[in-house]
Amino acid sequence: MSKYKFLNLNPSGLLEDDCVCRAITFATGLPYNTVYEKLWLTADLYDCDRLCKYCYSNYLRNVLGYKEVNCDRLTIGEFADKHPYGTYLIRIANHLTVICDGTLYDTFDCRKEICDIVWKRVD
């Protein structure tokens with residue numbers, strides 16, 4: 001059964017609308033500020049907001065080498081149970097989160113939310 005662990009990688013410890021930075025930071029191991037800066041550069045390149053799905057999905061695919069995987073419209077908890085190994089970035093309505101080895105890492109428990117898009121690093 002999937003688990004949830006509170007995690008806030010915001011360097012100031014603030015609870016802000018920075019889920020994209022926090023999730024990508026955890027999934028990649030890159031420093032938070034590096035992810036933040038790369039998202040700004042990507043937003044400038046594509047003339048969009050750094051937190052919009054188009055912006056960060058381009059960053060994930062074209063810079064970090066992530067690919068979309070089928071999520072079958074499962075909840076995050078169901079997806080985590082079906083994928084107990086590996087690290088996945090998961091988009092739900094207005095939020096990006098991350099599961100690693102079946103555990104959701106985020107500032108709140110969103111395991112009951114339906115997955116919209118899921119990305120996994122393809123090496």
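A: Start with residue classes: Ala, Val, Leu, Ile, Met, Phe, Trp, Tyr, Cys and Pro count as nonpolar, Asp, Glu, Lys and Arg as charged, and the others, Gly among them, as polar. The model is predicted: local features need pLDDT of at least 70 and side-chain atom pairs 80 or more, while totals for chains, interfaces and linings use all residues. Residues are numbered from 1 along each chain as its sequence is written, and side-chain values use heavy atoms, without hydrogens or water.

Q: Which classes make up the lining of the largest pocket?
A: On a 1 Å grid over the protein atoms alone, a pocket is an open set of points where a 1.4 Å probe fits, with protein on both sides within 12 Å along at least five of seven lines; lining residues have an atom within 4 Å of a point. Here the lining has nine nonpolar, four polar and six charged residues. Among the 19 lining residues, Cys19, Val20, Asn94, His95 and Leu96 are the closest to the pocket's centre.

Q: How many disulfides are there?
A: A disulfide is a covalent bond between the sulfur atoms of two cysteines. With a cut-off of 2.5 Å between the sulfurs, the count is zero. For cysteine 100, the nearest cysteine sulfur is that of cysteine 110, 15 Å away.

Q: Is cysteine 100 buried or exposed?
A: Buried means under 20% relative accessible area, exposed over 50%, and partly exposed in between (1.4 Å probe, protein chains only). Cysteine 100 is buried because its relative accessibility is 18%. Cysteine 48, at 21%, is partly exposed.
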